Amino acid sequence: MRRYAFVAQVLGLLAGFYLICIALVAGLTALTVVGFAEAGVNRLTLFLSLVTLAAAFVVVRGVFVSTHLRVRDIAGVEVTAADQPALWHRVHQLAAQVGTRPPRRIFLVPEVNAAVWENTRLLGLIPGKRQMMVGVPLLMALTPAQLDAVLAHELGHYGNRDTRLGGLVGRTRQGVLGALRAAGSRRKFTLPGAALFVIVFRWYAQIVLRVTQEASRAQEYAADRVAAAISGKVNAIAALGELQVVDTAFGFYLDRYVIRGLDIGLLPPPPEVFGGFIGLLAEPSRQTELDELRREPREEKADPFDSHPPTPERIAALRSLPDDGIPLDQSGLKAVAILANPQDTLAKVATRALRNLSTGKEAVSWDALADATGRRRADERARPLQDVVARLTGQPAHMTTFVKLVEAGRLKEVLDSLPHTVAAQKTNATGRVAREYAKTELGAMLGGWISGDFARVGRARWTHSWADIDGELQMAAEVKASIEEAVDALIAVRPDGSRLRALVLGTVQPLGTVQPLGTVQPRGTVQPLGTVQP
Amino acid sequence: MSKRPAFGIVGAPVDSAPVPGGQRQAVDVAAHGFVPIGRLRADRAAGEPALDACAEAARRGEWRTVSATVPPVDAEPDLHARALFAVAELAVEDDAWLGAWLDGAPGDANAWCVHAEAMVLLAWRLRTSNQAKDVLPEQWQAFHRVLAQAPAACERATALAPHLATPWITLMSCAQGLSWDNDRFREIWAQILARAPYSVAAHMRALNYWLPRWQGSPELAAAFVNDTESRAPLGRLLSGVRLEYIFLERARGTAAERTAYYRGPELSEALDAAQADLASSPPDHPYRSNHRHWLAYFLTRAGRYGEAVEEFRAVDGFVGAWPWKVFDDATATFANTRAEAIRGWQEASSRPG
């Protein structure tokens, strides 16, 4: 009885949604017509007609296209059964086990995501082509059993008899949320009348969500049970826990490794884009970090529109299932092994993913990328000090200029001129205390300046490292040591610039910018600031 | 009242003077011959003209005057340590005069003592007295960098004046901040015992190392205090170490728990011993006034107001000593405690019987 009441309720909500849509468009149209008839063409009536058009747009988005995912919106690569026989075979097996139709198309996407969707027609009454997307990062990070769990969960949304209502509930939710999305956030402009549409559809969305939340969540739990039945409870649990970890790791990898050189026009070569993710996951120190994340997952932000229950609750529900005897997949295999010709396939996905980013960019090796970004970082680090040196001397900021300043006894001035450190600001530090804080910064700036200079004359370079996003500075050990000593001596409580002087005169000379130290400017002969050179 | 634990002292007890009836009555301190709040000073105690002269000379950059004013290296250890540590404080904000001293008289052990201690004080200013978790990474970095340079200056002073205890006392702070292990610390302590077995300055500082919040434990700290007590001859003012220990480690918990503790036997016995110690101490003991500040504070806490007023009278006017300087507002803490003592003393003497 309750079940029928619920169906009636959801049907009512869906009908209500259509009614609101019709009422909104019809009401606005009528108002516009009356407006034009009564007042003719003027600002208000023109605006009214724009609002009406916007309402029609929002309604169309909500009613007709909201559940449709267009192929051209997928930043992935379609793989046919001929391309990837093993993957297709596995998906067919899983669909058969779940008891539902297999997808007709499969896409590999560069996201930490997997999904099955169906572009239904006539308000969901006529089934459409079923399609599936599989995220490449999942293939690389999950075991075969974990991937089975993820895919079975997605297929389970269609096959599970307990949730045959899913289509209706999903249709209602997606309709009203789609309209809300269409009315709200537009990046470049705001629809005329957006505020009105948002108010109407948010109000209705809240009602729909309240009624359907339980059913949606029940759907997720049911899909999880399907996943557990097929891949084993422990593997389903492991897959759920792993999703967040992979998401974090992949986001970190993209940010810190793949697109790090984008602003200086550099990208890793496409075959390396996903290969590198395997390299990062295999790095022991990163594994330690990921293990930490596995032990203490970050708290998820509760999204009131999210149809998924929180992960811990889903895991708890899975744990409460009876033991099925299927062991945890500890083979060490990754699901990516299912791909035929992986190198080319992943390169294709990467090329597709970076399509919008890669125009005009150069594909370089990881080491070249590390060296270029290392140099840029060194230069950036040195810049505040170089600015101060240029300002205090009125000369171009060469390392020799800085050495001369120190020799002239003006280190104190340099320290006082550097940007105030956070610690100095927090403690209102003055005098010696502020200068000691500044010395910490000075040491880092100087290190950047010197290593940048050394890199420019070919005596240092950065190589790629999965353990350290900054890469490893390659430099003769004794040179590295003498740089460290020179910097330490300079930022000592009683500063000593002689080592730095020796280092600069002795080794950076090939730069050709060294001037005789005889021209040291004593305090008071500083040139006017107007002569500072860029 | 907020607390500003100084010199690595974290979580020192904080009290507001409890007043029966809940209302704080104003006390006319001047009428009783005390220094008014506006004239309390935190930099130096009155009646120490030598230190005043040092500060003046340092401000003018006359290191020779500073050098001539500080006690010679063969002075009594506590006299030497106390004076040089006070001079070192003058170098924390500006050390131009100290640099000139080191350059001009590189063979002067006193200059290196001041340099080493100034680095220790500077390091703790950089660290701030916040709890470890609230210290910024750049503050830790500066703290360690500066503190790590102090041992070399201690060594330099020791090489120049092998019998001097002062650089070894400074070295204990390095051990504390640089997390040197207990055995390494015990070696330093042995050097101190050989040079100044009853130095109050040395014992006060060693206690910090043994606290659980640094490199010790509750047991090690208690053992150190007990050992000090059993070794110390009467009149050397080492009973003050127990008062410092009580302040830093024992008086904990809620306000009610602390109040109960202050009125209990542990503090009472410590105060009796400290008073007897003071009575037997030579009038020129360098740490006599420091000792009296401890007594003034704790006698008030213990409700022994009449005795507290006596101590306040003896050291009145200076709020830069322990324990006052640990608090955010040393002047207010001193003034409030003093007012509480005077009020309590008045009430007791006006009660019949």
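Modeller: Helix α13 (residues 366–393) and helix α14 (residues 399–407) of chain A have axes that come within 10 Å and cross at roughly 65°. This is a predicted model.

Colleague: Is the crossing of α13(A) and α14(A) left-handed or right-handed?

Modeller: α13(A) and α14(A) cross in the left-handed sense.

Colleague: Which residues in α13(A) and α14(A) meet?

Modeller: From α13(A), Val389(A), Leu392(A) and Thr393(A); they meet Thr401(A), Phe402(A) and Leu405(A) of α14(A). By class, that contact has 4 nonpolar and 2 polar residues, with no charged residues.

Colleague: Now α17(A) and α18(A). At what angle do the axes cross?

Modeller: Roughly 145°, for helix α17 (residues 431–456) and helix α18 (residues 477–490) of chain A, and the axes come within 10 Å. The crossing of α17(A) and α18(A) is right-handed.

Colleague: And which residues make the contact?

Modeller: α17(A) puts in Gly443(A), Leu446(A), Gly447(A) and Ile450(A), while α18(A) puts in Ile483(A), Val487(A) and Leu490(A). The contact of α17(A) with α18(A) has 5 nonpolar residues, 2 polar and no charged ones.

Colleague: Ile450(A) is in that list. How far apart are the C-alpha atoms of Ile450(A) and Leu318(A)?

Modeller: They are separated by 57 Å, and the two residues are 132 residues apart along the chain.

Colleague: Where does Leu318(A) lie, then?

Modeller: In helix α11 of chain A. Leu318(A) has 21 other C-beta atoms within 10 Å, so it is classed as buried, the cut-off being 20 or more.

Colleague: What does Leu318(A) touch?

Modeller: Leaving out residues up to four places away in sequence, Leu318(A) touches Asp224(A), Ala228(A), Lys233(A), Ala236(A) and Ile237(A).

Colleague: What about Ala335(A), where is that found?

Modeller: Ala335(A) is in the loop between α11 (311–319) and α12 (342–353) of chain A.

Colleague: Buried or exposed?

Modeller: Ala335(A) is buried, because 23 other C-beta atoms lie within 10 Å.

Colleague: Which residues does Ala335(A) touch, sequence neighbours aside?

Modeller: Not counting residues up to four places away in sequence, Ala335(A) touches Leu139(A), Leu142(A), Thr143(A), Pro144(A) and Leu147(A).

Colleague: Zooming out: how many helices and strands does chain A have?

Modeller: Chain A has 19 helices and 8 strands. Of the 534 residues in chain A, 38% are buried. Among contacts in chain A with a separation of 6 or more, 77% are between residues 24 or more positions apart.

Colleague: How is chain A divided into domains?

Modeller: Into domain 1 (71–160 + 217–363) and domain 2 (366–531). Their contact takes 13 residues from domain 1 of chain A and 8 residues from domain 2 of chain A.

Colleague: Which elements supply at least two residues on the domain 1 side?

Modeller: α9 (270–282) and α10 (284–295) of chain A each do. The largest share, 4 residues, comes from α9(A). The side of domain 1 of chain A that touches domain 2 of chain A divides into 4 nonpolar, 4 polar and 5 charged residues.

Colleague: Chain B next. What does its secondary structure come to?

Modeller: 17 helices and 0 strands in chain B. Buried residues account for 47% of the 353 residues there.

Colleague: What radius of gyration does chain B have?

Modeller: Chain B has 20 Å, which agrees with the value near 20 Å for a compact globule of 353 residues. The C-alpha trace of chain B spans about 65 × 45 × 45 Å along its principal axes.

Colleague: And its domains? How far apart do the C-alpha centres lie?

Modeller: The assignment for chain B gives domain 1 (1–45 + 232–353) and domain 2 (47–222), and their C-alpha centres lie 26 Å apart.

Colleague: Last topic, the two chains together. How many residues are in contact?

Modeller: 17 residues of chain B are in contact with 14 residues of chain A. On the chain B side, the elements giving two or more residues are α5 (109–127) and α6 (137–147), and α6(B) has the largest share with 5 residues. That side of chain B divides into 7 nonpolar, 5 polar and 5 charged residues.

Definitions and conventions: Residues numbered from 1 in each chain as written. Chains lettered and ligands numbered in written order. Predicted model: local features only at pLDDT ≥ 70, side-chain atom pairs only at ≥ 80, totals over all residues. Contact = placed C-beta atoms within 7 Å. Nonpolar A, V, L, I, M, F, W, Y, C, P; charged D, E, K, R; others polar. Domains from an automatic or database assignment. Axes fitted to C-alpha atoms, helices over the stretch in contact; angles between N-to-C directions. Left-handed = near helix turned anticlockwise from the far one by under 90°. Rg over C-alpha atoms; globule rule 2.2 N^0.38 Å. Buried ≥ 20, exposed ≤ 12 C-beta atoms within 10 Å, placed from the backbone.
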